[in-house]
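Here is a short report on one protein chain.

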Amino acid sequence: MVPHPLSSSSSKHQAQARPSFIELFTPKLITVLREGYTLGHLKADAIAGLTVAIVALPLSMAIAIASGVGPERGLYTAIIGGFLVSLLGGSRFQIGGPAGAFIVLVATTVATQGIEGLILATLLSGVFLLLIGFLRLGTFIKYIPYPVTVGFSAGIAVIIFASQIKDLFGLTLSGPEPAPIIAKLTALTNAWPTFSVTALGLSIGTIAIIVGLRHFRPRWPGLLIAVATAALLTWAFNMPVDTIGTRFGGLPQALPMPQMPALSLEKIIAALPAAIAFALLGSIESLLSAVVADSMTGRRHRSNCELVAQGAANIGSALFGGFCVTGTIARTATNVRAGAHGPVSGMLHALFLLFFMLLAAPLASFIPLAALAGVLATVAWNMVEKHAVIVLLRTSRGEAVVLLATLLLTIFRDLTEGIVVGFSLSALLFLHRMAQSVEVENVPSLLNIPEDQADTDANGARTPYDATQASDPDVVVSRISGAFFFGAAASVATMLDQIAREPKAYVIDFSAVPFLDSTAAATIEGFVRKGHARGAIISITGARPGVRRTLLLHGVHHPMVHFKATIEDAIHDARAKLQLDQNNSL
């Protein structure tokens, strides 16, 4: 048998549309090199990499300090993790490193399990990310609803700012700073008498330089200039404020040797909750960042390949004493705007950071923590998508509830709880809206329409059309439209029962139903069974192959029901059977 040419062409197209495993997980670096990589491309990537490194240098240290670890671990994370994300990733422009969204999770993990527990959780999260990527589950991460991401980001921003109040104002606490925000604010309020004018001045000055340069000189490295200015003033005037040197003893001038964290079943079980949280949040953050890069460049990332790279980066970061790595939106956007050509810029950014650490580590000792707190305060402000919050609050009550629930739970309860509850509320809202979109329409019989006649009667008057006059009372036709699933099953069953209590023949049209689930199929089966028991002739028309298969599996089949292609065929068949039954009764 010779295949139809259109069928053969379609098969070839489908085969081409399904990339192989190797194609799906080929790093974008290989793609870029295959395109042809020139000296001009290297120059563009070097400039972009240097620009991103200048932004990442103070930010990585600030995030590490806010997370409760030393600033050197932020640099380890950016250097090792950033290099591996660009080397292996599925995004052409992604920049990896420590992210502000992880501050609370990392700080909580350090407080409960120590540095060793944090490193082990980071290593395990890398393993989980590898599994998520290789199992191709990254596609489902995109289904996180927009109000949840906006509310979560705003909640994280509030927590980050709250964590910086101590250093912004130079407060001295009598004990450890509490993690819960209410207890934290209470402790900070009690410590208000220790307020430092010098620290506040450095904080405000840092913020002013960053905001001013962003407005008047957007191409200048505002973060680095602000932090360097604060460090210079602190050194020149010997200001009485905490610095990296006074609190942490400065920065090392070399990377540590890779080392596996201590492993035991007890430690692994203790680190699992944090590892899962790191993996989930990391996958969301990295794919959101990749989507932002796609929207800026018109390119398209490979989500599962990107998650595999994030997994490898987290494992590598943990081996070198770093913590969790993810794609960072701000640094990725900076990379794109700086004119990067491909992943080489991200790899060079990591090498530039290593170069800075090796040469400039002694100078970092003079950086005041108040200046780094000012950096994170601006980061927190930029994390709040203010326009999106206003739009969502005005869009609908349901969207506002999801946004506020995610925001408040993130701030006052837990990050994971905020995401889970926000996602659950969004799912319920979606199901409610989908259930409302399902309709059951009573369609008149098409075989009893009168002969052609004029629009006006003998007196010239026009009679309005009445569809019920064309209906056959013995044959009831109903059309279901929309996704037929468990949320709409009860209402559809009620409507079907109300349309006609005792029809002699019943036609249900499924041509406008794209899919149905088992609950919907069971609803139809119950309706068909009751109708068949009354002796009614029941037909189903227009059912797509997948819909028909589900119905058949749930017992909706001959002799209780007849499947027809069109409503006309079903009505014609039903009327013929009714006429035959009438003749037999006579």
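## The largest cavity

The largest cavity is lined by Ile144, Val148, Thr149, Phe152, Ser153, Ile284, Glu285, Leu288 and Ile419. On a 1 Å grid over the protein atoms alone, a cavity is a set of points where a 1.4 Å probe fits but cannot get out, and a lining residue has an atom within 4 Å of a point. Two elements, H8 and H13, each give two or more residues to this lining. Helices (H or I, at least four residues) and strands (E, at least two) are DSSP runs, numbered from the N terminus. H8 gives the largest share, four residues.

The volume of the largest cavity is about 70 Å³. A volume here is the space filled by probe spheres set on the grid points, which are joined across faces, edges and corners. The lining divides into six nonpolar, two polar and one charged residues. Ala, Val, Leu, Ile, Met, Phe, Trp, Tyr, Cys and Pro count as nonpolar, Asp, Glu, Lys and Arg as charged, and the others, Gly among them, as polar.

## About the model

This is a predicted model, where local features need pLDDT of at least 70, side-chain atom pairs count only at pLDDT 80 or more, and totals for chains, interfaces and linings use all residues. Residues are numbered from 1 along each chain as its sequence is written, and side-chain values use heavy atoms, with hydrogens and water left out.

## The second largest cavity

How many cavities of 30 Å³ or more does a search of the whole structure find? There are two. H17 gives the most, with four. By class, the lining has seven nonpolar, one polar and one charged residues.

Glutamine 164 is buried, with a relative accessible area of 4%. Buried means under 20% relative accessible area, exposed over 50%, and partly exposed in between (1.4 Å probe, protein chains only). Leaving out residues up to four places away in sequence, glutamine 164 touches Ala66, Ala373 and Leu376. A contact means heavy atoms within 4.5 Å.

## The second largest pocket

A pocket is an open set of grid points with protein on both sides within 12 Å along at least five of seven lines. The second largest pocket holds about 1000 Å³ of space. It is lined by 42 residues, and Val104, Ala107, Thr108, Ala179 and Lys184 lie nearest its centre. Several helices give two or more residues to the lining, including H4 (39-66), H6 (103-134), H8 (146-168) and H13 (265-297).

Which helix gives the most to this lining? H6 does, with ten residues. The lining has 24 nonpolar, eleven polar and seven charged residues.

Helix H11 covers residues 222-237 and has 16 residues. It reaches 22 Å from its first C-alpha to its last, close to the 22 Å expected at 1.5 Å a residue. The expected span is 1.5 Å times one less than the number of residues. Its buried residues are Gly222, Leu223, Ala226, Val227, Ala230, Ala231 and Thr234. They fall within an arc of 160° seen down the helix axis, so they line one face of H11. The arc is that of the directions from the axis to the C-beta atoms. An α-helix has 3.6 residues a turn, so residues three or four places apart point the same way. The buried residues of H11 pack against H4, H10 (197-216) and H17 (369-383). Leu232 and Trp235 are exposed on the face turned away. Just after H11, asparagine 238 takes a positive phi of about 50°.

In helix H18 (residues 386-395), Ala388, Val389 and Leu392 are buried. Their arc is within 100°, so they too line one face of the helix. H8 and H19 are among the elements that cover them. The face turned away carries exposed His387 and Arg394.

## A strand and the whole chain

Valine 440 lies in strand E3 (residues 439-443). Its relative accessibility is 14%, so it counts as buried. Valine 440 and valine 492 are 52 residues apart in sequence, yet 6.7 Å apart in space, C-alpha to C-alpha.

The protein chain has 24 helices and seven strands. Of its 586 residues, 48% count as buried. Among contacts between residues at least 6 apart in sequence, 83% join residues at least 24 apart.
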